[in-house]
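Hi,

Here is the structure I promised to pass on. Have a look at it first, and my notes follow below.

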Amino acid sequence: MDFFQYRQNQLFAEECQVEALAQKYGTPFYLYSRATIERHWHAFNNAVEGHPHLICYAVKANSNLAVLNVMAKLGSGFDIVSGGELARVIAAGGDPSKVVFSGVGKTRDEMKQALEAGIYCFNLESGAELERLNEVALSMGKVAPVSIRVNPDVDAGTHPYISTGLSENKFGITMEQALEVFQRAQQLDGVAIKGVDCHIGSQLTEIPPFLDALDRLLTLIDELEGLGIRIHHLDVGGGLGVNYGDENPPHPDQYARALLDKLGDRKLTLIFEPGRAIMANAGILVTQVEFLKQNGDKHFAVVDAAMNDLLRPSLYSAWQNIIPLRPRKGEPTHYDVVGPICETGDFIGKDRALCIEAGDKLAVRSAGAYGFAMASNYNSRPKVAEVMVDGEKDHLVRARETIEQLWQGEQVLP
Ligand SMILES: Cc1ncc(COP(=O)(O)O)c(C=O)c1O
Ligand SMILES: N[C@@H](CCCC[NH3+])C(=O)O
């Protein structure tokens with residue numbers, strides 16, 4: 001079931017005609033579907049029904065308050081990587097006691113903020129971070145719940161920029177060091193060991209790398225038990241891929257079943273940190289064709305969205321489908337769909353067969369994750385609006401930035 005569908009040759013988002021929203025809000029804008037977010041979240045939650053678990057949505061994928069609030073209302077937990085993300089979760093009505101804190105460089109202030117908020121667990125990524133957290137917790141008279149992120153050195157088979165579970169990547173602690181770090185943690189009064197954590201990369205479209213990682217984590221958990229260190233939860237991270245075009249990623253049911261089979265009768269609580277799997281296909285980016293132009297044999301569609309609004313194509317050569325809001329009949333032309341930014345790498349899609357005219361509006365699909373979240377003001381372009389549909393209602397969930405906001409906080413010399 002896709003909540004973005006054509007009806008009478010017009011693209012709809014749930015019960016809303018997207019072109020009418022483009023008239024109302026102007027382009028470009030991100031458009032999210034509440035029903036899709038809820039369906040994807042439930043797909044994960046139902047997949048592990050009956051086994052103790054916590055779904056911690058990875059806030060980095062899309063941190064709009066309305067998005068977080070939809071999940072908070074479902075009872076979701078959250079995976080954060082900064083004090084800013086923690087503040088957003090709390091502002092959106094999320095429960096800090098269901099927050100896990102990942103990331104290789106947590107500052108003292110961020111640690112304090114998270115301890116004050118009473119988060120569920122810190123996912124530690126180095127021995128040095130363990131020492132720092134212990135100090136901070138002791139200075140506050142608290143004990144910090146911790147899990148150690150292990151880097152299992154498995155090849156996730158994904159784009160090199162988004163693979164995180166190889167020992168050459170900066171994330172986590174190698175298997176060899178992990179035992180030592182756990183033993184050190186056990187000696188410290190400011191931390192309490194709760195779990196083992198890993199996250200091997202993003203946009204994984206096959207199950208075996210997850211299972212390879214799990215095998216290694218379970219071996220470690222057994223070794224820890226042998227040393228008298230009890231592990232309460234296993235955080236398997238995020239990373240489940242989505243269908244951008246011709247991928248065929250496993251459904252959360254298949255993924256969870258494979259993990260649960262391997263877990264056998266172990267009583268470990270399972271934590272999942274899905275980001276993309278919940279948000280990518282819950283959002284589109286709506287943009288307008290400004291000009292069509294031709295340089296030699298090459299055809300370009302210059303649109304009003306650019307790499308500062310949606311970075312994934314430029315950064316990872318990522319392919320995202322581009323479809324017209326109102327398809328025209330006729331022979332398509334092959335266009336590079338490009339933005340107005342002064343960079344050759346500013347493109348949204350290359351070699352796309354489209355039958356379009358200037359003024360037509362397009363939807364870039366699968367843009368709900370790592371879309372707005374990675375946007376910048378490059379070329380002094382105000383960030384675009386964000387809208388959420390809920391059945392037949394539409395809500396502006398972030399106003400388009402104004403020109404004045406571009407230099408907010410800046411000052412010229414006296
Ligand atoms: C620690 C951690 N957890 C969860 C995620 C979410 O990943 P994804 O959006 O691929 O589910 C990421 C990003 O890759 C991450 O670094
Ligand atoms: N931002 C990346 C994913 C990185 C995941 C963050 N750990 C993307 O758009 O695909």
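Let me start with strand 4 (residues 29–33), which pairs with strand 14 (residues 283–295) in the antiparallel sense over 4 bridges. Helices (H or I, at least four residues) and strands (E, at least two) are DSSP runs numbered from the N terminus, and two strands pair if DSSP finds at least two bridges between them. Within this pair, Phe29 has Val286 of strand 14 as its bridge partner.

Before I go on: this is a predicted model, with local features needing pLDDT of at least 70 and side-chain atom pairs counting only at pLDDT 80 or more, while totals for chains, interfaces and linings use all residues. Residues are numbered from 1 along each chain as its sequence is written, and chains are lettered from A and ligands numbered from 1 in the order in which they are written.

Strand 19 (residues 361–364) runs antiparallel to strand 14 and is joined to it by 4 bridges, with Leu285 partnered by Val364. Strand 15 (residues 298–303) is also antiparallel to strand 14, this time over 6 bridges, and there Val289 stands opposite Val303. The hairpin of strand 14 and strand 15 has 2 residues between the strands, and Gly296 in it takes a positive phi near 60 degrees.

Pro28 sits in the loop between helix 1 (18–25) and strand 4. Most peptide bonds are trans, and most residues other than glycine have a negative phi.

Asn9 has a positive phi near 60 degrees without being a glycine; it lies in the loop between strand 1 and strand 2. Gln203, also not a glycine, has a positive phi of about 55 degrees and lies in the loop between strand 11 (191–197) and helix 8. Are these two buried or exposed? Asn9 counts as exposed because it has 11 C-beta neighbours inside 10 Å, whereas Gln203 is buried, with 24 other C-beta atoms within 10 Å. The cut-offs are 20 or more other C-beta atoms within 10 Å for buried, 12 or fewer for exposed and partly exposed in between, with C-beta atoms placed from the backbone.

An open sheet of 3 strands has the order 1-2-3 with antiparallel pairing, and its edge strands are strand 1 (4–7) and strand 3 (16–17), each pairing on one side only. Strand 1 and strand 2 (residues 10–13) share 4 bridges, and Phe4 stands opposite Ala13.

Elsewhere, strand 7 (residues 99–101) and strand 8 (residues 121–124) run parallel and are joined by 2 bridges, with Phe101 partnered by Phe122. Strand 8 is covered on both faces: Cys121 and Asn123 are buried on one side, Phe122 and Leu124 on the other.

Last, helix 9 (residues 252–263). Its buried residues are Pro252, Tyr255, Ala256 and Leu259. They lie on the same side of helix 9 because they cover an arc of only 90 degrees around the axis, the arc being that of the directions from the helix axis to the C-beta atoms. Just after helix 9, Gly264 has a positive phi of about 60 degrees.

Cheers
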